[in-house]
Amino acid sequence: MINDAAALMLATVAAWLTRRPASARHSYGFGRAEFLAALANSLGLLILVAWLTISAIQRLHDPQPVIGSAVSLTAAMGLAINILVAWLLSRGEHTLNTRAALLHVLGDLLGSVAALLAGIVIALTGWTPIDPLLSLGIGALILLSSGRLLYESLHGLMEGTPLNIAPEQVGQALATLPGVASVHDLHIWSVAPEQIMLSAHLVVRDLRQWETLLDASHALLAERFGIHHATLQPEPETRTVRWLTAPDKSTIHCSLFLFMVLLLFPLLSSAVELTQEEKDYLGNTGGIKVCVDPDWYPFERLNDQGEHEGIAADLLRLAAERTGIRLEIVRTSSWDESIQASKDKKCQILSFLNQTPKREEWLLFTQPYFTDVNVFVTRNEHSYIADPAILTDETIVFPEGTAMEELVRNNYPNLSVLNTRTEKEAFILVSENRADMTMRSLIIAAYAIRKEGLFNLKIAGQLPNYTNKLRIGVIKSEPMLVNILNQGISAITNQEREQIVNKHISIEIKDRVDYKLIFQIAAFLGLLTAISLYWNYKLNKLNDRLIKIAQTDVLTGLYNRTKLNEQFHIEHTRAVRYGRPFSAIMLDIDHSKDQ
């Protein structure tokens, strides 16, 4: 009964935690407490099975006398209580947490049934082995159920795909929606047994239809798969990772042929032939000093060793290799510092930026070597943004010194502009409701949302008639360098661009583990266990004392007639079972009968 009470208390606490509202620090709420409670209860059941097994084996080896009628009466009372509790639990919510508590009660209920049957059999036949044998059978049944419960709770805590959902079916269903070209980066997991989450990238044919597609996708996921929280990321039709069946042999042969052609084509076309004047220029100039944005990944950043890495770094390096340019990275701490260094001619080029009238005052620009759409990022409850000009009393946040900030200040004075030092801070401001939106490159937005785990954000629209056309900015005193870089950019193939993008967009999601909550739950479980152990210790001491009082004489401390009769019955049963002689000697040492 104590075991059941502890299980019910644990289930109650978990249910209370689950119903607590989400907060800024726990944006998904506390639903995972159900997994922890189910895990604790399943481990408790396994301990109970071990105890039942050991106890049953001991009773088989050394049978103890059992009063059948008393056992039957006690078991009947326990059975009635367990049936009532099981009935109440079965009428409630059918969650993993209640299943764990119900399993504890059912284990006790089966134990009561076994004790009742054993009491009846012993009362009628005197065959005591029936009691441990039934205990072993009950232990086997509990072991099977608790093993399943343990697997499900661990599977949920490890963020496995819910057992009743097939990811392939979900991906295929999304890919069949009109307007969806393909689906990739599909992840399905549970933050609570009944709270399924999904994130996926949908390659769409027309981003202007995204709002309609988003509604259709949410409806499909909710109706067919019971998924009510989905973060769906739109992408332009450049990558197609489809959920389709395997191609036939002819398709494979054609694909291999095209692959070989595409593989050899860059080797034939990558060479850049410079004029003698351009070669002399590079020879006289030496290394070209480059300023970059140190915190704009996956586009570019400076790592801890001061190395330039990201999409822009790989593209610039490719163009430099094909033209014979030697690059020297100038270390700066921010994009504003890089801009100022370019104005002061401490570096000759800025690696990756949009062309704007303000920047044209001191820079020349190459042709674009990477394009990406700009999107609005808002919280999930914000409506779709078709035209930012009609918005009122809303704030938009940008990292300092971006071209998008300049464009919004000039074209959309109805929006209040905020600034942060980093990309990450801009997205966090929106997530924490300190800004209504930000506007960033689609690639940057997708990366930041996934990497930082900001799943309360969504893509809420695209900036009309504007696409990021990212170029290399060259100071005006170096016009020949622009021509050389343009030749290197022209030698970069679309396939090479695609490989570079895929290299940097494949990321690892950052899990935000709330160690404080885990510690609090562990401390509570530890306290509950300590209280149960102490209470059991006190009960055992009291039971030992009661047994001693019932079996011994108060004055002498020797066994009384009740204990002697009980021991006599045990020894007589043992002698009958093993067919051995049995004898008893009774001595009246103190001659009490003569007094």
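The following questions and answers go through a predicted model of a protein, from its overall make-up to single residues.

Visitor: How many helices and strands does the secondary structure of the protein come to?
Guide: The model is predicted, and its chain holds 595 residues, of which 43% count as buried. The secondary structure comes to 18 helices and 15 strands.

Visitor: What share of the contacts with a separation of 6 or more comes from residues 24 or more positions apart?
Guide: The count takes in contacts in the protein with a separation of 6 or more. Within that set, residues 24 or more positions apart account for 73%.

Visitor: How many Å apart are the end C-alpha atoms of helix H15, and what span should its residues have?
Guide: Helix H15 covers residues 479-490, which is 12 residues. At 1.5 Å a residue, the helix should span 16 Å. This agrees with the distance between its end C-alpha atoms, 17 Å.

Visitor: Which residues of H15 are buried?
Guide: A residue counts as buried under 20% relative accessible area. In H15 that applies to Leu 481, Val 482, Ile 484, Leu 485, Asn 486, Gly 488 and Ile 489.

Visitor: Which residues lie closest to the centre of the largest cavity?
Guide: A search of the whole structure finds 3 cavities of 30 Å³ or more, and the largest cavity contains about 160 Å³ of space. It is lined by 16 residues. The closest to its centre are Trp 296, Asn 354, Thr 402, Ala 403 and Arg 440.

Visitor: Which strands and helix each supply at least two residues of the lining of the largest cavity?
Guide: By class, the lining of the largest cavity divides into 7 nonpolar, 6 polar and 3 charged residues. The elements that each supply at least two of its residues are strand S9 (349-353), helix H12 (403-411), strand S14 (437-441) and strand S15 (457-475).

Visitor: Which element gives the most to the lining of the second largest cavity?
Guide: The second largest cavity has a volume of about 50 Å³. Its lining consists of Leu 207, Trp 210, Pro 234, Val 375, Tyr 384, Ile 459, Gly 461 and Gln 462. By class, 6 are nonpolar, 2 are polar and none is charged. The most, 3 residues, comes from S15.

Visitor: Is Val 121 buried, partly exposed or exposed?
Guide: Val 121 lies in helix H4 (residues 96-125). Beyond four places in sequence, Val 121 touches Gly 126, Trp 127 and Ile 130. Its relative accessible area is 28%, and values from 20% to 50% fall between the two cut-offs. Val 121 is therefore partly exposed.

Visitor: Is Pro 21 buried or exposed?
Guide: Pro 21 sits in the loop between helix H1 (2-18) and helix H2 (33-61). Its C-alpha atom is separated by 9.9 Å from that of Gly 31, 10 residues apart along the chain. The relative accessible area of Pro 21 is 65%, so this residue is exposed.

Visitor: Where is the peptide bond from Tyr 297 to Pro 298, and is it cis or trans?
Guide: Pro 298 lies in the loop between strand S5 (295-296) and strand S6 (300-302). Most peptide bonds are trans. From Tyr 297 to Pro 298, however, omega is near 15 degrees, and the bond is cis.

Visitor: What is the phi of Asp 393?
Guide: Asp 393 is found in the loop between strand S11 (370-379) and strand S12 (394-399). At 78% relative accessibility, Asp 393 counts as exposed. Most residues other than glycine have a negative phi. The phi of Asp 393 is positive, near 55 degrees.

Visitor: What is the phi of Asn 433?
Guide: Asn 433 belongs to the loop between helix H13 (423-431) and S14. With 51% relative accessibility, Asn 433 counts as exposed. Its phi is also a positive value in a residue other than glycine, near 65 degrees.

Visitor: Is Ala 448 buried or exposed?
Guide: Ala 448 lies in helix H14 (residues 442-452). Leaving aside neighbours within four places in sequence, Ala 448 is in contact with Phe 427 and Gly 453. The C-alpha atoms of Ala 448 and Lys 424, 24 residues apart along the chain, are separated by 6.9 Å. Because its relative accessibility is 11%, Ala 448 counts as buried.

Note on methods: Residues are numbered from 1 along each chain as its sequence is written. This is a predicted model: local features need pLDDT of at least 70, side-chain atom pairs count only at pLDDT 80 or more; totals for chains, interfaces and linings use all residues. Side-chain values use heavy atoms; hydrogens and water are left out. Helices (H or I, at least four residues) and strands (E, at least two) are DSSP runs, numbered from the N terminus. The expected span of a helix is 1.5 Å times one less than its number of residues. Buried means under 20% relative accessible area, exposed over 50%, partly exposed in between (1.4 Å probe, protein chains only). On a 1 Å grid over the protein atoms alone, a cavity is a set of points where a 1.4 Å probe fits but cannot get out, and a pocket is an open set with protein on both sides within 12 Å along at least five of seven lines; lining residues have an atom within 4 Å of a point. Grid points are joined across faces, edges and corners, and a volume is the space filled by probe spheres set on the points. Ala, Val, Leu, Ile, Met, Phe, Trp, Tyr, Cys and Pro count as nonpolar, Asp, Glu, Lys and Arg as charged, and the others, Gly among them, as polar. Contact means heavy atoms within 4.5 Å.
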